[in-house]
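Reader: Walk me through this model feature by feature. Give me the rule each time, then the case.

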Amino acid sequence: MTTRTPEETVTAAEPLRALLWDALLAGDEYAAADVLFAALDDGLSAEEALLDVIGPVQAEVGLGWAANRLSVVQEHAATAMNDRIIAALAHRSPPPGEGRGRIAVACVEGEWHALPARLLAETLRLRGWRVDFLGAQAPTPHLIAHLHQTGPDLVALSSSIPTRLPTAHAAVTACQAAGVPVLAGGAAFGADGRYARLLGADGWAPDARAAAEVAAGGLGVPSGAVLHEPVDDLPHLADQEYTLVSRGRTRLVRETVDGLDDRFPAMRGYTERQRERTAEDIAHIVDFLATALYVDDDALFTSFLVWTAGILEARGVPARSLTPALELLGEPLRDFPRATRLLHRGGAALTGG
């Protein structure tokens, strides 16, 4: 364990982050690894390398993509290099014994952003846990089978994308029914863990260090004794709006794209590729609308729209194109009061009204 103060850690890590960033942008994986190996030789702990150097640099990679400073290919390449460097660090710095118990670390089904979970898994190993890292998008039935086969003390579920929350809910209740408490983490669960609590997780942590501390304290007996239906936790689902919107996703996207030719004339000049990207954006809007209906939280939907507007503007696409899309989505959903409320508030967030 490190003996540095937080201030000392920041001072030690900042120049290393800059060096790692430069190496990743240059596509030089060996230089990137050498930066961290040399720092370890100079006294940086493996946990500091993971959480104070690699983690923040990976976050900057994501911000660089969002601001259109990095291409998708550059973002993927940097992420892949970071993942391989983490593996190299793990083999270079074997953790102390495994006397604390066993933890399964997994991304919820449909979640492909595995690096945050990987950082947690390696941190737990360094702190003496036996860790089963199950990687990206672990199907819930297979996760439950693993829990029955191995009997871990807890399962750490990671998700970065809020649209995975309904799937995360099913995973939480299934793990608890298998007798294993659930520690939730990742951006999908909210900066304050509100969605982890809403979905009945036994614990939540904002980052890997905090998660390791929660795990060390123990989560006790899981709160969910038996497998139950989502509506038992979220009574608002009884109105069926979430179910109808999620099931009607393909139709809603198609009708909205078709209607934009009249509502947003600039789209008539789009290339086929631009139309495909527009359809993808609208599909994301429908997915976030459905998820906001699932958790009954306006902020989840409005914050996504504001973020999307920024992404579009950074790529030279006018954010005003979102307004007619919301209007078109509202027409077939006019008899859905919660969906109508979300669309109205989303539109107001875009216009500052």
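Author: Start with the cysteines. A disulfide is a pair of cysteine sulfur atoms within 2.5 Å. The sulfur of C175 lies 13 Å from the closest cysteine sulfur, in C107, which is too far for a bond. The structure holds zero disulfides. C107 is likewise in no disulfide, its nearest cysteine sulfur being that of C175. One caution: this is a predicted model, where local features need pLDDT of at least 70, side-chain atom pairs count only at pLDDT 80 or more, and totals for chains, interfaces and linings use all residues. Residues are numbered from 1 along each chain as its sequence is written, and side-chain values use heavy atoms, with hydrogens and water left out.

Reader: Is C175 buried or exposed?

Author: Take the cut-offs before the case. Buried means under 20% relative accessible area, exposed means over 50%, and partly exposed is in between (1.4 Å probe, protein chains only). C175 has 0% relative accessibility, so it counts as buried. C107 also counts as buried, at 0%.

Reader: C107 is in strand β1. How many residues of β1 are buried?

Author: First, how elements are named. Helices (H or I, at least four residues) and strands (E, at least two) are DSSP runs, numbered from the N terminus. Strand β1 covers residues 102-107, and six of its six residues are buried, so the strand is largely enclosed by the rest of the structure.

Reader: Which residues cover each face of β1?

Author: In a regular strand the side chains alternate between the two faces of the sheet. Here R102, A104 and A106 are on one side. I103, V105 and C107 are on the other. All of these are buried, and both faces of β1 are covered.

Reader: Which strands pair with β1?

Author: Two strands pair if DSSP finds at least two bridges between them. β1 and β2 pair in the parallel sense over four bridges. In that pairing, R102 stands opposite R130 in β2.

Reader: Next, the charges. How many salt bridges are there?

Author: Side chains of opposite charge can pair when their charged atoms come close. The rule for a salt bridge is a side-chain nitrogen of Lys or Arg within 4 Å of a carboxyl oxygen of Asp or Glu. By this rule the count comes to 27.

Reader: Where do E122 and R125 lie?

Author: Both lie in helix α5 (residues 115-126), three residues apart, about one turn of the helix. E122 forms a salt bridge with R125, with the closest N and O atoms 2.7 Å apart. E122 is buried at 7%, while R125 is partly exposed at 23%.

Reader: What about a pair that spans more of the sequence?

Author: Look at E213 and R127, whose side chains meet in a salt bridge of 2.7 Å, N to O. E213 lies in helix α9 (residues 208-217) and R127 in the loop between α5 and β2 (130-133), so the pair ties together parts that are 86 residues apart in sequence. E213 is partly exposed at 49%, and R127 is buried at 10%.

Reader: Which residues are linked with D239 in a network?

Author: D239, D296, D298, R338, R341 and R345 are linked by salt bridges. R338 is in helix α16 (residues 337-351) and D239 in the loop between α10 (230-233) and α11 (241-247), 99 residues apart. R338 counts as buried at 9%, whereas D239 is partly exposed at 34%.

Reader: Last, the rings. How many aromatic pairs does the search find?

Author: Rings of Phe, Tyr and Trp (its six-membered ring) pair if their centres lie within 6.5 Å; planes under 30 degrees apart count as stacked, over 60 as edge-to-face and the rest as tilted. The whole structure has four aromatic pairs. One of them, W65 with W307, is tilted: 6.3 Å centre to centre, 35° between the planes. W65 lies in helix α3 (residues 46-66) and W307 in helix α14 (residues 298-314), so the pair ties together parts that are 242 residues apart in sequence. Ring pairs link W65, F288, F304 and W307 into a cluster.

Reader: Which charge lies over the face of W65?

Author: A charge sits over a ring if NZ of Lys or CZ of Arg is within 6 Å of the ring centre and within 35 degrees of the ring normal. R315 lies over the face of W65, at 4.8 Å from the ring centre. W65 itself is partly exposed at 25%.
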